[in-house]
Amino acid sequence: MHGQILELEIDAPSLRENPLGDPARRPLVVYVPPGGAAGRPAVYFLHGFTGSGRGWLSPSPFSPTVPERIDALVAAGELPPLVAVFPDGTTALGGTQWIDAPAVGNYQSYVADDVVAAVEARLGTIARREARALAGRSSGGYGALAMVRDRPEAFAHVACHSGDSCFEYCYLPDLPKAAGALLAAGGDVVAWLEGMRRRGRETRLGPADIPVLNVLAMAANYGPEPGAPLGFALPFELPSGRIREDVWARWLAHDPVRFVPRALASFRLLETIFVDCGTRDEFQLRWGARMVAEALRAGGVEVLHEEFEDGHMGINYRYDASLRHLAPRLARAG
């Protein structure tokens, strides 16, 4: 590697006393190009559900990690030197949607305030919105779009890779799976979570656990309900499995295909936006990506929308495309 990887830790005031009891002190992985970080622009990467900040360093056979890809592109002169920052968003429910959620924690503020401030103070990256980009995949891609909606002053460039969108397509299929598993646990969310964590400690999670965990995590992000167990409402009734229309409506209000058209004023402030998905995405996210890109273009927002002949996993190579688009547009020192 021509540059270097730093493994730092930061204290995140935004995550103190979060409702899940997750740590406010977090690991922070940073790629620094040759010549150092000072005076460089920065790209912040949001991992997907059940991912982690350190997970960006995990090798896979025959495929470079994202930091390795960035390093090779910088060394080849295909990208200008930049700093890449990889925050950690692990939670007791498996992950975050990178928003400020009352039942999960303030993960959007953690990125926009705590992580950005720590990187700029410690490493001297350019402290300007125009020199910051935000890129995420899956839940991280969702978080990138939500960041523009809520905090347009934080980043001027955004990439959404296979971001959660069109909730009827991507989430509804998991609801009956979750209802069945919770019914088998007596309708007790806490009991199911305890059993899931025990399986994880003693052996491993099974394929049937993932859709249930996904529904619970999304419920915590999109359907907070003070006084309910764990502070959120299930989107269905038990034992019938009937969808709770009031709770489902709260989920839909968070759907990018719905909030992007309402937040066009914020998206118009962006200098760059990249949206992609795989044509065989297992969670049917292709359609939401198309709808988001269509809404942006209809609102007069320039967007590069691409589709790749693959699914939801193993998509690190796609960051080459988004970075080639974003990086030359990042502001430089002076």
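These questions and answers walk through a predicted model.

Biologist: Which residues have the most contacts inside the largest nonpolar core?
Modeller: In soluble globular proteins, nonpolar side chains tend to be buried together. Here the largest nonpolar core has 89 residues. A second, separate core of 22 residues includes Phe 45, Ala 159, Leu 323 and Leu 330. Inside the largest core, the residues with the most contacts are Trp 251 and Phe 267.

Biologist: Which residues does Phe 267 touch, not counting residues up to four places away in sequence?
Modeller: Contact means heavy atoms within 4.5 Å. By that cut-off, Phe 267 touches Leu 145, Val 148, Arg 149, Phe 259, Val 260, Ile 273, Leu 296 and Val 301.

Biologist: Is helix H12 mostly covered or mostly uncovered?
Modeller: Among the elements that cover its buried residues are helix H1 (66–75), strand S3 (42–46) and strand S10 (304–308). The buried residues include Arg 318, Asp 320 and Leu 323. Seven of the nine residues in H12 are buried, so the helix is mostly covered.

Biologist: Which residues does Pro 328 contact, leaving aside its neighbours within four places in sequence?
Modeller: Pro 328 sits in the segment after helix H12 (318–326). Its C-alpha atom is separated from that of Arg 250 by 38 Å. With the neighbours set aside, the contacts of Pro 328 are Pro 80 and Leu 323.

Biologist: Is Gln 97 buried or exposed?
Modeller: Gln 97 belongs to the loop between strand S4 (83–87) and strand S5 (100–101). It touches Ser 139, Asp 164 and Tyr 171, among others. Its side chain also joins that of Tyr 222 in a polar contact of 2.8 Å. Because its relative accessibility is 0%, Gln 97 counts as buried.

Biologist: How many Å apart are Val 83 and Arg 40, C-alpha to C-alpha?
Modeller: Val 83 lies in strand S4 and is buried, with a relative accessible area of 0%. Its contacts include Val 30, Arg 40 and Thr 125. Val 83 and Arg 40 are 43 residues apart in sequence, and their C-alpha distance is 6.5 Å.

Biologist: What is the relative accessible area of Ser 165?
Modeller: Ser 165 lies in the loop between S8 and H4. Residues it touches include Cys 170, Asp 255 and Val 292. Ser 165 is buried, because its relative accessible area is 2%.

Biologist: Which residues form a nonpolar patch on the surface?
Modeller: One member lies in helix H4 (residues 167–170), namely Tyr 169. Tyr 169 is partly exposed, at 43%. The members have about 280 Å² of accessible area together; they are Tyr 169, Trp 287 and Met 291.

Biologist: How far apart are the closest N and O atoms of Asp 11 and Arg 25?
Modeller: Side chains of opposite charge can pair when their charged atoms come close. This structure holds 24 salt bridges. Asp 11 forms one with Arg 25, and the closest N and O atoms are separated by 2.9 Å.

Biologist: Which residue meets Arg 286 in a salt bridge?
Modeller: The N to O distance is 3.2 Å. The partners lie in helix H11 (residues 285–298) and strand S10, so the pair ties together parts that are 21 residues apart in sequence.

Biologist: Which residues are linked with Glu 225 in a network of salt bridges?
Modeller: A salt bridge needs a Lys or Arg nitrogen within 4 Å of an Asp or Glu carboxyl oxygen. Linked with Glu 225 in this network are Arg 244, Asp 246 and Arg 250.

Terms used
Residues are numbered from 1 along each chain as its sequence is written. This is a predicted model: local features need pLDDT of at least 70, side-chain atom pairs count only at pLDDT 80 or more; totals for chains, interfaces and linings use all residues. Side-chain values use heavy atoms; hydrogens and water are left out. Helices (H or I, at least four residues) and strands (E, at least two) are DSSP runs, numbered from the N terminus. Patches are made of residues with over 30% relative accessible area and no salt bridge: like charges are joined within 9 Å, nonpolar side chains (Val, Leu, Ile, Met, Phe, Trp, Tyr) within 5 Å. Accessible areas come from the Shrake-Rupley method with a 1.4 Å probe; for residues, only the protein chains shown count as cover. A salt bridge is a side-chain nitrogen of Lys or Arg within 4 Å of a carboxyl oxygen of Asp or Glu. Buried means under 20% relative accessible area, exposed over 50%, partly exposed in between (1.4 Å probe, protein chains only). A nonpolar core is a set of buried Ala, Val, Leu, Ile, Met, Phe, Trp, Tyr and Cys residues joined through side-chain atoms within 4.5 Å. A polar contact is a pair of N or O atoms within 3.5 Å; within protein, one must be able to donate a hydrogen and the other to accept it, and residues adjacent in sequence count only if both atoms are side-chain atoms.
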